[in-house]
Amino acid sequence: ISSKPSIQKTMLIRSTYNELIKITSKPRSYIGFAALTILIAVILIAMKADGESFISFVTSSFEQTLSFNGKILNGNLVAFIILQMLIIHVPLLVALVTGDLVSGEASMGTLRFLVTKPVSRNTILISKFLAGAIYTLILTIWLAFLALVVSQWMFGLGDLIVLNSDGLVIISEADIFWRYAGGFCLAFLSLFAIACMSICFSVFSDNSIGPIVSTMAVIILFTIIGSLDVPTFQYIQPFLITTHMASWRSLFEIPVPISEIYNSIYILMVHIILFIGIALWKFKNKDIKS
């Protein structure tokens, strides 16, 4: 005789599988992959054609005091440039799918049928969060493949030269892989926080457009607040998701500021737990009869 926890676990797995089937059946789920492929392809082609002149322009101010030997333009540097340019835009692609997980079913009338099944509302909603996490993870892996693997194939390997607020940081080729691995893990965590936000908004809405637009509006608003050097906003900026979406850059500093990275992970996890908690409370009390 199966125990109750094992039955609930089986229901959760089946419900998550069903949610993944729903995601893969929607054409909008592939927009993110197509957009990333096109955007990164454009950047790679541009760097292949004029990358040397671009790098020379950036390093020209240092060439009077430093001498650069070897190939500066390599796959590791191109991958860093791609992440720097695209990481703020990927959340919009995530919200396009996850913001529709609950509200889309409400607008189509299938949510009422879904909650009549012998599955608790908490299980249904948690399965949507898990499906959103899996979709976000796959999108992050695709980003990593295009940005890092394809870049290294096209431009080769080499030491990474990073320009930050403290000056020029040179990271040896042997010391790069773990930094990118950790960087993409941090990117996934920040993207999953965005996914949780959009799913939370989705629980409060009965149409599929509202949560997507709301998530995009919040991201844009947080980005603006984070970029303004206003004393009032300085108290808010450390707690914004968009502030910690750039925490992956900390892994490319020497020495690595471990405390700042842990702080970013903590803030992102708090947001994830908060959004999931609010969504569970609202979904449990959501009126699906009207």
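**View 1. P255 sits in a loop between two helices.** In this predicted model, P255 belongs to the loop that runs between α10 (241-244) and α11 (258-284). Helices here are DSSP runs of H or I with at least four residues, and strands are runs of E with at least two, numbered from the N terminus. The peptide bond between I254 and P255 is cis, with omega at about -5°. Residues are numbered from 1 along each chain as its sequence is written, and side-chain values use heavy atoms, leaving out hydrogens and water. Because the model is predicted, local features need pLDDT of at least 70 and side-chain atom pairs count only at pLDDT 80 or more, while totals for chains, interfaces and linings use all residues.

**View 2. A nonpolar patch lies on the surface.** The patch is formed by F204, L274, I278 and W281, which together have about 430 Å² of accessible area. Areas come from the Shrake-Rupley method with a 1.4 Å probe, and for residues only the protein chains shown count as cover. Patch residues have over 30% relative accessible area and no salt bridge; nonpolar side chains (Val, Leu, Ile, Met, Phe, Trp, Tyr) are joined within 5 Å, and like charges within 9 Å. One of the members, I278, is in helix α11. I278 has a relative accessible area of 32%, so this residue is partly exposed. Buried means under 20% relative accessible area, exposed means over 50%, and partly exposed is in between (1.4 Å probe, protein chains only).

View 3. Side chains of opposite charge can pair when their charged atoms come close. A salt bridge is counted when a side-chain nitrogen of Lys or Arg is within 4 Å of a carboxyl oxygen of Asp or Glu. By this rule there are 4 salt bridges. In the one between E19 and K22, the closest N and O atoms are 3.2 Å apart. The two residues are 3 apart in helix α1 (residues 4-24), so about one helical turn separates E19 from K22. E19 is buried at 2% relative accessibility, whereas K22 is partly exposed at 26%.

**View 4. D100 and K26 link distant parts of the chain.** Their side chains meet in a salt bridge of 2.8 Å, N to O. D100 is in the loop between α4 (90-98) and α5 (103-108), K26 is in the loop between α1 and α2 (31-59), and the two are 74 residues apart. D100 is buried at 6%, and K26 is partly exposed at 22%.
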